[in-house]
Every structure is written in C-alpha cells, then in structure tokens.
Amino acid sequence: MPLGARSEQGRLKEALQELREAQGAEGPQHPPQAVPAIPGSESHAQSSSSRGDEAAGDARASLQDTRRNNKIQLMAFLLLKYRSHDPTMRAEMLELVARDHQRHFRVIFSQASKGLQLVYGIDVKRVIGGNHTYVLVPTLGLTWDGLNEEQGRPKTGFLAVVLAIILLRGGRVPEEEVWHFLSVVEVYPGREHFIYGEPRELITRVLVQERYLKYRQVRHSNPAHFELLWGLRAHAETSPRQVKHFVRRHAHRPAGHQSVPIRGR
C-alpha cells in the first residue's frame with residue numbers, strides 16, 4: 001500500500017477515535033490522583049510543593065470540566081437552531097457560557113463547531129456582513145440529514161464517516177470492513193444507536209435508496225459477500241478532496257493522547 005494511503009487511513013482511525021470521544025463513549029476523563037505522602041518522608045518544602053501542584057491540577061481539571069460542559073450546552077443549542085432552521089448570533093451563544101469563562105468563548109465555540117460537524121454532520125457558517133450571525137447547514141455540500149419525527153437527530157455525520165471509509169479504502173470496501181471501522185465508535189449491525197438508529201438498515205437500505213451508497217454483491221463470491229461504493233448522489237454533491245479535508249480536520253490528536261487500537265489494521 002502506498003505511504004500516502006497509509007497516512008490517510010491513519011487519519012481516518014484518529015477521526016473515528018475523536019468521534020467516539022465526542023459521543024461520550026469513553027466517559028469523562030479524570031486526572032490521575034496524587035499518591036498521599038507518608039508522614040515524615042518528605043521535607044516541609046516538598047510537601048508544600050506537592051500541595052501546590054495538586055491545587056494547580058485541580059484548577060486545570062475544573063477549567064476543563066467547565067469548558068466541556070459549555071461545549072455540550074452550545075452544541076445542544078446549535079442543534080436546536082438547526083432543527084428550527086433559524087440562524088444564531090454570537091451574543092446568543094455567549095449567554096450560554098459561564099460568565100467567568102466568556103473570555104474562553106473562541107475556544108469553546110471552536111470545539112462545539114467541530115463536535116457538531118463530526119457527530120451530526122452540521123457546519124456552522126458565519127454570514128458575511130451579518131454582524132456575527134451564523135447559519136447551520138449539512139457538511140460537505142450534502143443535502144440529506146435523515147431528520148424525521150421519530151428520530152430527530154441529523155445523521156449527516158454518519159454518512160460523511162461512511163463515505164470517508166469507502167474513499168480511504170480504495171473507493172470500494174467489503175461490508176465487513178465497514179463494520180470493523182464503525183466498531184471503534186460502538187456502532188454495530190443490528191444494535192440500535194442513540195443517534196443513528198439501526199445502522200445496518202441505515203447503510204444498506206436508507207442511504208442506498210437516497211443514492212448516496214451502492215451496495216452490491218462481490219462478483220463470484222460464494223457464500224455471498226457484499227461491498228459498498230459511493231453512489232451517484234455522493235459524487236454529485238461532494239468530492240474526495242472535501243471528504244479528505246473532513247477527515248484531516250478531525251484527525252488531530254493532542255500530544256500524549258492514548259489512542260484506542262483498531263485490531264487487525
């Protein structure tokens with residue numbers, strides 16, 4: 001496999017791990033607890049230094065928790081705006097952020113925008129000349145979001161991820177490989193997902209009927225195996241360049257971050 005292809009697939013794995021975290025599958029991240037000192041084993045100066053380090057660590061953890069909560073609240077607010085087809089303004093969003101953290105609004109807004117794009121496939125776009133006004137639209141130029149009365153969350157993010165898997169695995173991919181990658185974000189065939197519903201039906205029926213995917217039997221396979229390709233509508237509405245940019249945007253991993261291994265790849 002060419003080096004560039006391996007690099008792109010590495011980014012795909014990182015983006016999937018980022019999606020897993022954005023969905024809350026890993027749960028809250030807690031900083032390691034300090035080991036209590038044995039009385040008399042350290043100098044008074046060392047003990048003071050340790051207490052200072054713990055206090056600083058607690059302050060950082062508190063800041064991270066507040067930012068995380070603000071990001072989640074902002075994502076929920078923007079999702080409501082998307083569903084109601086309403087624009088939003090910076091002043092509205094700023095009101096959702098705790099007063100003593102409003103100076104961090106730019107970071108919180110950036111994180112919420114990335115999370116909304118990755119999980120739901122919704123882009124937050126600033127209106128030129130709109131006095132800090134923003135509109136919300138499906139990502140990658142796609143025009144489908146899967147919204148209906150029974151399942152009221154956009155599914156464009158799922159479509160974007162499946163298109164990325166197909167693209168970065170050479171333009172066609174065996175169905176079992178798709179499930180292998182999606183297992184990273186705890187999406188399994190036959191198991192209801194809180195955003196996507198039943199994912200196998202979504203992939204093999206809904207997205208095929210919407211002409212975003214082709215689902216066909218591999219020639220000469222016995223027993224029958226199936227593969228997935230981009231459909232006509234995917235080719236018409238987006239492009240490989242846009243999908244690769246989507247993957248790269250979400251593939252950044254902070255230094256020292258522990259990745260979730262993807263077995264066999």
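Colleague: Which residues have the most contacts inside the largest nonpolar core, and how many residues does that core have?

Modeller: In this predicted model, the largest nonpolar core has 60 residues, and those with the most contacts inside it are Leu-74, Phe-158, Leu-182 and Ile-203. Helix H5 gives the most to this core, contributing 11 residues.

Colleague: What does Ile-203 touch, if we leave out residues up to four places away in sequence?

Modeller: Leaving those out, Ile-203 touches Phe-158, Val-162, Val-178, Trp-179, Leu-182, Val-208, Leu-213 and Leu-228. As general background, nonpolar side chains in soluble globular proteins tend to be buried together.

Colleague: And where does H5 lie?

Modeller: Helix H5, which covers residues 156-168, lies across the strands E4, E5 and E6, and it runs at about 105° to E6.

Colleague: In what order do those three strands sit in their sheet?

Modeller: The order is E4-E6-E5, in an open sheet of 3 strands with antiparallel pairing. Strand E4 (172-174) and strand E5 (213-217) stand at the edges, and because each has a single partner strand, one side of each is left without a neighbour in the sheet. Neighbouring strands of this sheet are turned by 25° against each other on average, with direction ignored.

Colleague: How many bridges hold the pairs in that sheet?

Modeller: E5 and strand E6, which is residues 226-230, pair in the antiparallel sense over 5 bridges, while 3 bridges join E4 to E6, again running antiparallel.

Colleague: Which residues in E6 are the bridge partners of Tyr-215 and Val-173?

Modeller: The bridge partner of Tyr-215 in E6 is Leu-228, and Leu-228 is also the bridge partner of Val-173. Leu-228 is, besides, one of the residues that Ile-203 touches. For Gln-217, the bridge partner in E6 is Phe-226.

Colleague: Is E6 mostly covered or mostly open?

Modeller: E6 is mostly covered, with 4 of its 5 residues buried.

Colleague: Changing topic, what about the sheet with E1, E2 and E3?

Modeller: Those 3 strands form an open sheet in the order E1-E3-E2, and the pairing is antiparallel. Strand E1 (88-89) and strand E2 (122-126) stand at the edges, each with a single partner strand, so one side of each is left without a neighbour in the sheet. E1 is joined to strand E3, residues 133-138, by 2 bridges, and the two run antiparallel; in E3, the bridge partner of Met-89 is Thr-133.

Colleague: Which helix lies across E2 and E3?

Modeller: Helix H4, made of residues 105-120, lies across E2 and E3 and runs at about 140° to E2.

Colleague: Stepping back, how many helices and strands are there in the protein chain, and what share of its residues counts as buried?

Modeller: The protein chain has 9 helices and 6 strands, and 40% of its 265 residues count as buried. Among contacts between residues at least 6 apart in sequence, 60% join residues at least 24 apart. The accessible surface of the chain comes to about 15300 Å², and 51% of that belongs to carbon and sulfur atoms.

Colleague: Where does pLDDT stay under 50?

Modeller: The chain averages a pLDDT of 79, and 74% of the residues score at least 70. However, pLDDT stays under 50 over residues 25-42, for which the model has 10 contacts beyond four places in sequence, and also over residues 254-265, for which the model has 17 such contacts. Where pLDDT is low, the predicted coordinates should not be read in detail.

Conventions
Residues are numbered from 1 along each chain as its sequence is written. This is a predicted model: local features need pLDDT of at least 70, side-chain atom pairs count only at pLDDT 80 or more; totals for chains, interfaces and linings use all residues. Side-chain values use heavy atoms; hydrogens and water are left out. Two strands pair if DSSP finds at least two bridges between them. Axes are lines fitted to C-alpha atoms, for helices over the stretch in contact, and angles run from 0 to 180 degrees between N-to-C directions. Contact means heavy atoms within 4.5 Å. A nonpolar core is a set of buried Ala, Val, Leu, Ile, Met, Phe, Trp, Tyr and Cys residues joined through side-chain atoms within 4.5 Å. Buried means under 20% relative accessible area, exposed over 50%, partly exposed in between (1.4 Å probe, protein chains only). Accessible areas come from the Shrake-Rupley method with a 1.4 Å probe; for residues, only the protein chains shown count as cover. pLDDT is the predictor's confidence in each residue, from 0 to 100.
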